Amino acid sequence: MSLRRLVMVRHGQTDFNAEGRMQGHLDSQLTELGLDQARRAAGALARYDPARLISSDLSRAARSAEEIGQVCGLPVKLDARLRETHLGQWQGMTPAQVELDWPGALATWRSDPTWSPPGGESRVAVAARALPLVRELEQEFASDPPSTVLLCAHGGLITALTCALLGLAPASWMSLGGLGNGCWVTVQRRSAPSSGWRLTGFNVGVLD
């Protein structure tokens, strides 16, 4: 059998999210709303009966994963390969500040996943660093019953990894919209381990 399903959940709201600042690898903190988002997501995520919970080592994801792990009954394993896109010189800035210092660069970044912010990394590079983790999980679960693994990470990372797993050409990556705080993406294989991944849910969340 094999790793049958990946559920990739974005962390709860952070202070940087609330202020409209770009985070990247900066270690922002969850707000009270962010903690509540993680707690509300946890019950729904537990219904997937995940066999493993792996999180980005950035605190906003790790803290969200702790809340989810308590409900799912799973320990949290941290993996730096699940970190958000490194935004280089843009980290900590608002989009307005970026536009002032780099006119037009935000539009380029938002339309071209191969383009990197100054001193940062592209979305294609982000997917390339996360894909080996998925390959390792596929090997680890190769002889297990059909299994689900839960990844707790970041919006940019999750979207990029989803596109890479689906085999989409980079030119089409930006057709997927943004991912809300505390929402998740599901990709699943058919019964044959050699079959490709297919998208079964995007921006799934718990309604108020």
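**Group meeting: a walk through a predicted model**

Okay, let's start with the parts list: the protein chain has seven helices and six strands. Keep in mind that what you see here is a predicted model.

Now the overall shape. The C-alpha trace of the protein chain spans about 55 × 40 × 30 Å along its principal axes. How does the radius of gyration fit with what a compact globule of 208 residues would have? The globule would come out near 17 Å, and the protein chain has 17 Å, so the two agree.

Let's zoom in on a pair of helices. Find H6, residues 123-140, and H7, residues 155-166. Their axes come within 8 Å and cross at roughly 70°. Angles of 65 to 115 degrees count as roughly perpendicular, so that is what we call H6 relative to H7. Who makes the contact? On the H6 side you have Arg123, Val126, Ala127, Arg129, Ala130, Leu131, Val134 and Arg135, and on the H7 side Leu157, Ala160, Leu161, Ala164 and Leu165. Sort the residues in this H6 and H7 contact by class and you get ten nonpolar, three charged and no polar ones.

Last stop: a couple of single residues. First up, Thr94. You'll find Thr94 in the loop between strand S3 (77-78) and helix H4 (95-101). Is Thr94 buried or exposed? Its relative accessibility is 17%, and buried means under 20%, so Thr94 counts as buried. Leaving out residues up to four places away in sequence, Thr94 touches Glu19, Gly20 and Arg21.

Then there's Ser147, which sits in strand S4, residues 147-153. Ser147 has a relative accessible area of 9%, so this residue is buried too. And which residues does Ser147 touch, again not counting those up to four places away in sequence? Those are Ser2, Leu3, Arg4, Arg5, Ala51 and Phe141.

How values were computed. Residues numbered from 1 in each chain as written. Predicted model: local features only at pLDDT ≥ 70, side-chain atom pairs only at ≥ 80, totals over all residues. Heavy atoms only, no water. Axes fitted to C-alpha atoms, helices over the stretch in contact; angles between N-to-C directions. Helix = DSSP H or I, 4+ residues; strand = E, 2+ residues; numbered from the N terminus. Parallel < 35°, antiparallel > 145°, perpendicular 65-115°, else oblique. Contact = heavy atoms within 4.5 Å. Nonpolar A, V, L, I, M, F, W, Y, C, P; charged D, E, K, R; others polar. Rg over C-alpha atoms; globule rule 2.2 N^0.38 Å. Buried < 20%, exposed > 50% of the residue type's maximum accessible area, 1.4 Å probe, protein only.
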